[in-house]
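Have a look at the picture, then read on.

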Amino acid sequence: MTQQELKNKVLDIFKENKIGTLASVKNNRPHSRYMTFYNEEFTLYTPTHKNTHKAEEIKENPYVHILLGYEGEGLGDKFIEVEGKATISNSDKLKEELWKEDFENWFDGKDDPNYIVLEIKPSMIRLMNDGKEPQTITF
């Protein structure tokens, strides 16, 4: 598979799978939770509250691991593993672009000062269970 074919498969998985796990580090141990992810090419974004454990953990150690794509249909489901570095964004433009009406369950609108976005720049993405050995994109 060419690198471009691999990149296209990864982008398809991003497009089709918005719910995944985000693992950060807490007290030198992994700490995972389900999150909703949005992407622009290979950069991932996930909205969160500024006073969460994950925000504190990322301030202390910005390296994260994400799983997206496994649907539980069987052992051969395609999925991706993402290793990357997260930063906390307060960009009004980004928050506007990502805002969904459902976010009102957690925030008082897109201007809520507690509404932040985690921006994850991947260092590596690995495609798993695509009928071959795992395929890796490095950045």
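What share of the contacts in the chain with a separation of 6 or more comes from residues 24 or more positions apart? They account for 60%, a contact being heavy atoms within 4.5 Å.

1. Before you go on: this is a predicted model, where local features need pLDDT of at least 70, side-chain atom pairs count only at pLDDT 80 or more, and totals for chains, interfaces and linings use all residues. Residues are numbered from 1 along each chain as its sequence is written, and side-chain values use heavy atoms, leaving out hydrogens and water.

2. You'll find three helices and eight strands, in the order α-β-β-β-β-α-β-β-α-β-β from the N terminus. Helices (H or I, at least four residues) and strands (E, at least two) are DSSP runs, numbered from the N terminus.

3. Buried residues (under 20% relative accessible area, 1.4 Å probe, protein chains only) make up 43% of the 139 in the chain.

4. Now the largest nonpolar core: buried Ala, Val, Leu, Ile, Met, Phe, Trp, Tyr and Cys residues joined through side-chain atoms within 4.5 Å. Of its 21 residues, V10, F14, F37, L44, I66, I80 and I120 touch the most other members. Two or more residues each come from α1 (3-16), β5 (63-68), β6 (79-89) and β7 (115-128).

5. Apart from that core lies another, of nine residues, including Y45, W99, F107 and V117.

Technical notes: Buried < 20%, exposed > 50% of the residue type's maximum accessible area, 1.4 Å probe, protein only.
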